[in-house]
Amino acid sequence: MTQAVRELKSHNAEFELHPYKYEDKGGAAGAAQALGLDEYEVVKTLVMEDENKQALLVLMHGDKEVSTKALARAIGVKAIQPCDPKKANALTGYMVGGISPFGTKKRLPVYAEASIMDLEPIYINAGKRGLLASISPKALDEILKPTLVHVAL
């Protein structure tokens, strides 16, 4: 059982686990294909940081990219860039390719592309490579309390 699953259970969240065969560098597209989902429905968890090296999580549709300029503007910082994978691992306790926003080692601010909340359900990493959880947007909102942004490319 992953830390993400433990956190979901501790919040009495309704969720379903969806294991799949993980492929290196397969990303959200690989997960979507393996599970017969549209890549748009699979939400990736990205660890980013601002110019002061303050880390944050960004939840984004699997088929979209994050406009770092728009995100920086939206949250009032000068610049945003992806975190180094080693730092991402240290902050979250998860390996890149298996990062979940639930049960991270360090509590990080969470920003979510607003349209993710229109998905029913949301398919999101459950804390290890090759494992997604389907969860309602309401449960995701109650647990993570993300700040909604419009930063998709």
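How many nonpolar, polar and charged residues does the lining of the largest cavity have? By class, there are three nonpolar, three polar and two charged residues in that lining. The model is predicted. This briefing covers the cavity, the nonpolar cores, some backbone features and one loop lysine.

**Cavity**
- The structure holds one cavity of 30 Å³ or more.
- The volume of the largest cavity is about 30 Å³.
- Its lining is made by Tyr-20, Lys-21, Tyr-22, Glu-23, Gly-26, Gly-27, Gly-30 and Ala-31.

**Nonpolar cores**
- The largest nonpolar core has 31 residues.
- Leu-59, Phe-102, Ile-122, Ile-124, Ile-135 and Leu-140 have the most contacts inside this core.
- Two or more residues each come from H1, strand S2 (42-50), strand S3 (55-61), H4, S5, S6, strand S7 (131-135) and helix H5 (137-144).
- H5 gives the most to this core, with four residues.

**Contacts of Phe-102**
- Neighbours within four places in sequence are left aside here.
- Phe-102 is in contact with Gln-3, Ala-4, Glu-7 and Leu-8, among others.
- Its contacts also include Tyr-94, Ile-124, Ile-135, Leu-140, Ile-143 and Leu-144.

**Backbone features**
- Most residues other than glycine have a negative phi, and most peptide bonds are trans.
- Asn-12 is not a glycine, yet its phi is positive, at about 55 degrees.
- Asn-12 sits in the loop between helix H1 (3-10) and strand S1 (15-19). Asn-12 counts as exposed because its relative accessible area, 68%, is over 50%.
- Lys-25 also has a positive phi, near 65 degrees, in a residue other than glycine.
- The loop between S1 and helix H2 (27-35) holds Lys-25. Lys-25 has 80% relative accessibility, so Lys-25 counts as exposed.
- The peptide bond from Glu-120 to Pro-121 is cis, with omega near 0 degrees.
- Pro-121 lies in the loop between S5 and strand S6 (122-128).

**Lys-106**
- Lys-106 is in the loop between helix H4 (85-92) and strand S5 (110-113).
- Why is Lys-106 partly exposed? Its relative accessible area is 44%, which falls between the 20% and 50% cut-offs.
- Lys-106 and Leu-71 are 35 residues apart along the chain. Their C-alpha atoms are separated by 21 Å.

Methods. Residues numbered from 1 in each chain as written. Predicted model: local features only at pLDDT ≥ 70, side-chain atom pairs only at ≥ 80, totals over all residues. Heavy atoms only, no water. Buried < 20%, exposed > 50% of the residue type's maximum accessible area, 1.4 Å probe, protein only. 1 Å grid on protein atoms, 1.4 Å probe; cavity = no way out; pocket = protein on both sides within 12 Å on 5 of 7 lines; lining within 4 Å. Points joined across faces, edges and corners; volume = space filled by probe spheres on them. Nonpolar A, V, L, I, M, F, W, Y, C, P; charged D, E, K, R; others polar. Core = buried A, V, L, I, M, F, W, Y, C linked by side-chain atoms within 4.5 Å. Contact = heavy atoms within 4.5 Å.
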